[in-house]
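Thanks for making the time, everyone; I would like to walk you through the aromatic side chains and the nonpolar packing in this one. Please have the sequence and the model open while I talk.

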Amino acid sequence: MSYTKEQLAEMSGEKTYRKPKSLQLNTITFNGKKGSFIFTDILSGKGADGKYQKKDVGDKIEVVFLKIRRILSKYKKSPAISLQTNEHTSPKDTVMLYGANVKGTAESIREQYPELRTQQIVYAYVPALGQMVRLSVKGASLGSNSKPKDVKGFYEYLSSFPADEHSFDYITVLTPVEEVGELGSYYAMQFTIGNKIDEPMLADEVANNLAKAFESIKSIDDYYKVADVNKIKEDTNQETGVKDSDGIDYPEEDIAPEDIPF
(Lines give C-alpha, C1' and ligand atoms only; values in the text may rest on other atoms or scores of the structure.)
Protein backbone atom coordinates (compact mmCIF):
# COMPACT_ATOMS: atom_id res chain seq x y z
CA MET A 1 0.00 0.00 0.00
CA SER A 2 1.32 3.45 -0.90
CA TYR A 3 0.86 6.56 1.22
CA THR A 4 0.99 10.25 0.46
CA LYS A 5 3.39 12.53 2.33
CA GLU A 6 0.39 14.12 4.04
CA GLN A 7 -0.75 10.73 5.33
CA LEU A 8 2.74 9.86 6.54
CA ALA A 9 3.03 13.21 8.29
CA GLU A 10 -0.31 12.62 10.00
CA MET A 11 0.75 9.15 11.19
CA SER A 12 4.12 10.42 12.43
CA GLY A 13 2.47 12.89 14.78
CA GLU A 14 5.00 15.59 13.95
CA LYS A 15 2.29 18.15 13.31
CA THR A 16 1.46 18.08 16.99
CA TYR A 17 4.90 19.46 17.84
CA ARG A 18 4.97 22.13 15.17
CA LYS A 19 3.24 25.37 15.98
CA PRO A 20 0.41 25.71 13.47
CA LYS A 21 -0.33 29.10 12.05
CA SER A 22 -3.39 30.72 13.53
CA LEU A 23 -6.31 31.23 11.22
CA GLN A 24 -5.87 34.69 9.74
CA LEU A 25 -9.12 36.64 10.00
CA ASN A 26 -10.23 40.25 10.09
CA THR A 27 -11.64 41.42 13.40
CA ILE A 28 -14.62 43.31 14.76
CA THR A 29 -14.43 45.11 18.09
CA PHE A 30 -16.81 47.40 19.93
CA ASN A 31 -16.17 51.06 20.81
CA GLY A 32 -17.87 51.55 24.16
CA LYS A 33 -17.47 55.32 24.06
CA LYS A 34 -19.27 55.80 20.75
CA GLY A 35 -21.45 52.71 20.76
CA SER A 36 -20.26 51.56 17.34
CA PHE A 37 -18.44 48.60 15.84
CA ILE A 38 -14.93 48.75 14.40
CA PHE A 39 -13.77 46.52 11.54
CA THR A 40 -10.01 45.96 11.46
CA ASP A 41 -8.53 44.74 8.18
CA ILE A 42 -5.93 42.23 9.35
CA LEU A 43 -5.70 40.35 6.06
CA SER A 44 -4.37 43.36 4.14
CA GLY A 45 -1.46 43.72 6.57
CA LYS A 46 -0.16 46.82 8.27
CA GLY A 47 0.24 50.06 6.36
CA ALA A 48 3.27 52.32 6.08
CA ASP A 49 2.43 53.68 9.54
CA GLY A 50 2.73 50.20 11.03
CA LYS A 51 -0.99 49.98 11.82
CA TYR A 52 -3.90 47.97 10.49
CA GLN A 53 -6.60 49.87 8.64
CA LYS A 54 -9.74 50.34 10.72
CA LYS A 55 -13.24 51.33 9.72
CA ASP A 56 -16.29 52.28 11.79
CA VAL A 57 -19.11 50.06 10.48
CA GLY A 58 -21.93 51.64 12.47
CA ASP A 59 -24.08 50.78 15.46
CA LYS A 60 -25.66 47.58 14.14
CA ILE A 61 -24.14 44.44 12.70
CA GLU A 62 -25.61 41.02 11.98
CA VAL A 63 -23.48 37.91 12.46
CA VAL A 64 -23.75 34.15 12.86
CA PHE A 65 -21.96 32.75 15.91
CA LEU A 66 -19.84 29.77 14.80
CA LYS A 67 -17.31 28.99 17.52
CA ILE A 68 -16.70 30.61 20.88
CA ARG A 69 -13.22 30.90 22.38
CA ARG A 70 -11.63 32.96 25.14
CA ILE A 71 -8.37 34.55 26.22
CA LEU A 72 -7.18 35.83 29.59
CA SER A 73 -5.21 39.05 29.56
CA LYS A 74 -3.89 41.98 31.53
CA TYR A 75 -2.75 44.97 29.50
CA LYS A 76 -0.01 47.09 31.05
CA LYS A 77 1.46 50.26 29.67
CA SER A 78 5.05 49.90 28.47
CA PRO A 79 7.66 49.34 29.84
CA ALA A 80 5.63 47.04 32.10
CA ILE A 81 5.04 43.58 30.65
CA SER A 82 1.51 42.78 29.56
CA LEU A 83 0.06 39.32 30.02
CA GLN A 84 -2.08 37.26 27.68
CA THR A 85 -2.89 33.61 27.11
CA ASN A 86 -3.37 31.95 23.78
CA GLU A 87 -6.94 31.35 22.66
CA HIS A 88 -8.69 28.43 24.30
CA THR A 89 -12.19 27.06 24.76
CA SER A 90 -12.45 25.85 28.35
CA PRO A 91 -10.90 26.70 31.73
CA LYS A 92 -9.59 23.12 31.67
CA ASP A 93 -7.60 23.73 28.47
CA THR A 94 -3.80 23.99 28.57
CA VAL A 95 -2.53 27.50 27.83
CA MET A 96 0.65 29.53 27.71
CA LEU A 97 0.62 32.85 29.56
CA TYR A 98 2.78 35.08 27.39
CA GLY A 99 4.60 37.80 29.28
CA ALA A 100 5.05 35.57 32.33
CA ASN A 101 6.05 32.57 30.21
CA VAL A 102 4.27 29.97 32.29
CA LYS A 103 2.08 27.09 31.17
CA GLY A 104 -0.86 25.32 32.81
CA THR A 105 -4.61 25.00 32.66
CA ALA A 106 -6.47 28.25 32.14
CA GLU A 107 -8.11 27.96 35.56
CA SER A 108 -4.79 27.37 37.35
CA ILE A 109 -3.22 30.33 35.52
CA ARG A 110 -6.16 32.49 36.56
CA GLU A 111 -5.63 31.47 40.18
CA GLN A 112 -1.95 32.42 39.99
CA TYR A 113 -2.69 35.72 38.23
CA PRO A 114 -6.06 36.97 39.53
CA GLU A 115 -5.60 40.28 37.70
CA LEU A 116 -6.28 38.56 34.38
CA ARG A 117 -9.55 39.41 32.70
CA THR A 118 -11.62 37.23 30.37
CA GLN A 119 -12.26 38.25 26.80
CA GLN A 120 -14.50 36.07 24.65
CA ILE A 121 -13.47 35.59 21.03
CA VAL A 122 -16.32 34.61 18.72
CA TYR A 123 -15.59 33.15 15.31
CA ALA A 124 -18.51 34.69 13.48
CA TYR A 125 -19.73 34.74 9.90
CA VAL A 126 -20.86 38.16 8.69
CA PRO A 127 -23.31 37.77 5.77
CA ALA A 128 -23.02 41.43 4.73
CA LEU A 129 -19.24 41.05 4.39
CA GLY A 130 -19.25 37.49 3.10
CA GLN A 131 -16.48 36.46 5.49
CA MET A 132 -15.69 34.96 8.87
CA VAL A 133 -14.20 37.31 11.47
CA ARG A 134 -13.03 37.26 15.05
CA LEU A 135 -15.48 39.19 17.19
CA SER A 136 -14.16 40.41 20.54
CA VAL A 137 -16.56 40.58 23.51
CA LYS A 138 -15.36 41.86 26.87
CA GLY A 139 -16.18 43.88 29.95
CA ALA A 140 -19.78 44.96 30.46
CA SER A 141 -20.77 43.29 27.19
CA LEU A 142 -20.19 39.95 28.90
CA GLY A 143 -22.54 40.92 31.70
CA SER A 144 -23.06 43.65 34.28
CA ASN A 145 -25.46 44.77 36.98
CA SER A 146 -26.09 48.02 35.12
CA LYS A 147 -28.01 46.50 32.24
CA PRO A 148 -31.71 47.19 31.75
CA LYS A 149 -33.78 44.20 32.90
CA ASP A 150 -34.77 43.20 29.37
CA VAL A 151 -31.18 43.21 28.04
CA LYS A 152 -29.12 40.01 28.10
CA GLY A 153 -25.38 39.87 28.55
CA PHE A 154 -23.27 37.56 26.41
CA TYR A 155 -23.59 34.49 28.64
CA GLU A 156 -27.30 34.99 29.22
CA TYR A 157 -27.83 35.28 25.49
CA LEU A 158 -26.02 32.01 24.78
CA SER A 159 -28.03 30.16 27.43
CA SER A 160 -31.33 31.48 26.05
CA PHE A 161 -31.40 29.05 23.11
CA PRO A 162 -33.61 25.95 23.50
CA ALA A 163 -31.76 22.66 23.96
CA ASP A 164 -32.58 21.50 20.42
CA GLU A 165 -31.39 24.72 18.75
CA HIS A 166 -28.02 26.42 18.38
CA SER A 167 -26.61 29.90 18.01
CA PHE A 168 -25.45 29.03 14.48
CA ASP A 169 -29.08 28.41 13.50
CA TYR A 170 -29.84 32.12 13.80
CA ILE A 171 -28.60 35.56 12.92
CA THR A 172 -27.36 37.38 16.02
CA VAL A 173 -28.09 41.10 15.87
CA LEU A 174 -25.50 43.25 17.69
CA THR A 175 -26.48 46.75 18.79
CA PRO A 176 -25.33 49.12 21.54
CA VAL A 177 -27.13 49.64 24.83
CA GLU A 178 -26.30 52.52 27.19
CA GLU A 179 -25.33 51.75 30.77
CA VAL A 180 -24.28 53.90 33.70
CA GLY A 181 -21.58 52.78 36.12
CA GLU A 182 -19.07 54.22 38.57
CA LEU A 183 -17.12 55.81 35.72
CA GLY A 184 -20.19 57.38 34.13
CA SER A 185 -22.18 56.39 31.08
CA TYR A 186 -20.90 54.06 28.37
CA TYR A 187 -22.19 51.56 25.84
CA ALA A 188 -22.11 47.77 25.90
CA MET A 189 -23.13 45.24 23.27
CA GLN A 190 -26.71 44.03 23.15
CA PHE A 191 -27.35 40.55 21.70
CA THR A 192 -30.68 39.81 20.02
CA ILE A 193 -31.85 36.71 18.17
CA GLY A 194 -32.59 37.57 14.55
CA ASN A 195 -33.92 35.57 11.62
CA LYS A 196 -33.36 31.85 11.36
CA ILE A 197 -30.66 30.83 8.89
CA ASP A 198 -32.05 29.28 5.71
CA GLU A 199 -30.88 25.81 4.70
CA PRO A 200 -28.66 26.90 1.77
CA MET A 201 -26.68 29.31 3.97
CA LEU A 202 -26.47 26.76 6.79
CA ALA A 203 -25.12 24.09 4.46
CA ASP A 204 -22.68 26.39 2.68
CA GLU A 205 -21.32 29.51 4.40
CA VAL A 206 -22.08 28.47 7.98
CA ALA A 207 -20.98 24.82 7.74
CA ASN A 208 -17.84 25.48 5.70
CA ASN A 209 -16.60 28.33 7.87
CA LEU A 210 -17.35 26.42 11.07
CA ALA A 211 -15.39 23.43 9.77
CA LYS A 212 -12.49 25.69 8.81
CA ALA A 213 -12.40 27.23 12.29
CA PHE A 214 -12.73 23.84 13.98
CA GLU A 215 -9.79 22.29 12.15
CA SER A 216 -7.55 25.27 12.85
CA ILE A 217 -8.50 25.38 16.52
CA LYS A 218 -7.98 21.64 17.01
CA SER A 219 -4.43 21.76 15.65
CA ILE A 220 -3.55 24.75 17.82
CA ASP A 221 -4.98 23.20 20.99
CA ASP A 222 -3.09 19.95 20.32
CA TYR A 223 0.15 21.92 19.98
CA TYR A 224 -0.24 23.75 23.30
CA LYS A 225 -0.95 20.48 25.09
CA VAL A 226 2.42 18.93 24.21
CA ALA A 227 4.87 21.78 23.55
CA ASP A 228 6.87 23.06 26.53
CA VAL A 229 7.43 26.73 27.37
CA ASN A 230 10.81 26.97 25.63
CA LYS A 231 9.44 25.35 22.47
CA ILE A 232 6.48 27.72 22.40
CA LYS A 233 8.74 30.75 22.87
CA GLU A 234 11.12 29.59 20.16
CA ASP A 235 8.31 28.92 17.69
CA THR A 236 6.68 32.26 18.45
CA ASN A 237 9.96 34.12 17.94
CA GLN A 238 10.42 32.43 14.57
CA GLU A 239 6.84 33.20 13.61
CA THR A 240 7.04 36.89 14.49
CA GLY A 241 10.69 37.43 13.57
CA VAL A 242 11.27 39.20 16.89
CA LYS A 243 13.60 37.79 19.52
CA ASP A 244 11.80 37.03 22.81
CA SER A 245 8.51 38.19 21.34
CA ASP A 246 5.45 37.56 23.48
CA GLY A 247 3.44 36.95 20.33
CA ILE A 248 0.82 39.49 21.30
CA ASP A 249 -0.36 42.41 19.17
CA TYR A 250 -1.32 44.72 22.01
CA PRO A 251 -3.65 47.69 21.58
CA GLU A 252 -2.15 51.07 20.81
CA GLU A 253 -4.16 53.02 23.39
CA ASP A 254 -2.40 54.63 26.33
CA ILE A 255 -5.09 53.43 28.75
CA ALA A 256 -5.57 49.89 29.95
CA PRO A 257 -8.62 48.32 28.29
CA GLU A 258 -9.73 46.58 31.47
CA ASP A 259 -9.92 49.94 33.27
CA ILE A 260 -12.86 51.04 31.14
CA PRO A 261 -16.23 49.28 31.47
CA PHE A 262 -16.62 47.96 27.93
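When I say that one residue touches another, I mean a contact, that is, heavy atoms within 4.5 Å. Please keep in mind that this is a predicted model.

Let me begin with Phe-191, which, leaving aside residues up to four places away in sequence, touches Phe-65, Val-137, Ser-141, Lys-152, Gly-153, Phe-154, Tyr-157, Thr-172, Val-173 and Leu-174. Phe-191 counts as buried because its relative accessibility is 4%, where buried means under 20%.

Now to the rings, where a search of the whole structure gives nine aromatic pairs. One of them is Tyr-157 with Phe-161, an edge-to-face pair with 5.2 Å from centre to centre and 80 degrees between the planes. Both partners are buried, Tyr-157 at 1% relative accessibility and Phe-161 at 11%. Tyr-157 also pairs with Phe-191, and because the planes are at 25 degrees, with the centres 5.9 Å apart, that pair is stacked. This second pair links distant parts of the chain, since Tyr-157 sits in helix H3 and Phe-191 in strand S11, 34 residues apart. Taken together, Phe-65, Phe-154, Tyr-155, Tyr-157, Phe-161, Tyr-170 and Phe-191 form one aromatic cluster.

Finally, the cores: the largest nonpolar core has 21 residues, and those touching the most other members are Ile-28, Phe-65, Leu-135, Val-137 and Phe-191. Among the elements that give two or more residues to this core are S1, S4, S9, H3 and S11.

Conventions. Residues numbered from 1 in each chain as written. Predicted model: local features only at pLDDT ≥ 70, side-chain atom pairs only at ≥ 80, totals over all residues. Heavy atoms only, no water. Phe/Tyr/Trp six-rings, centres within 6.5 Å; stacked < 30°, edge-to-face > 60°. Buried < 20%, exposed > 50% of the residue type's maximum accessible area, 1.4 Å probe, protein only. Helix = DSSP H or I, 4+ residues; strand = E, 2+ residues; numbered from the N terminus. Core = buried A, V, L, I, M, F, W, Y, C linked by side-chain atoms within 4.5 Å.
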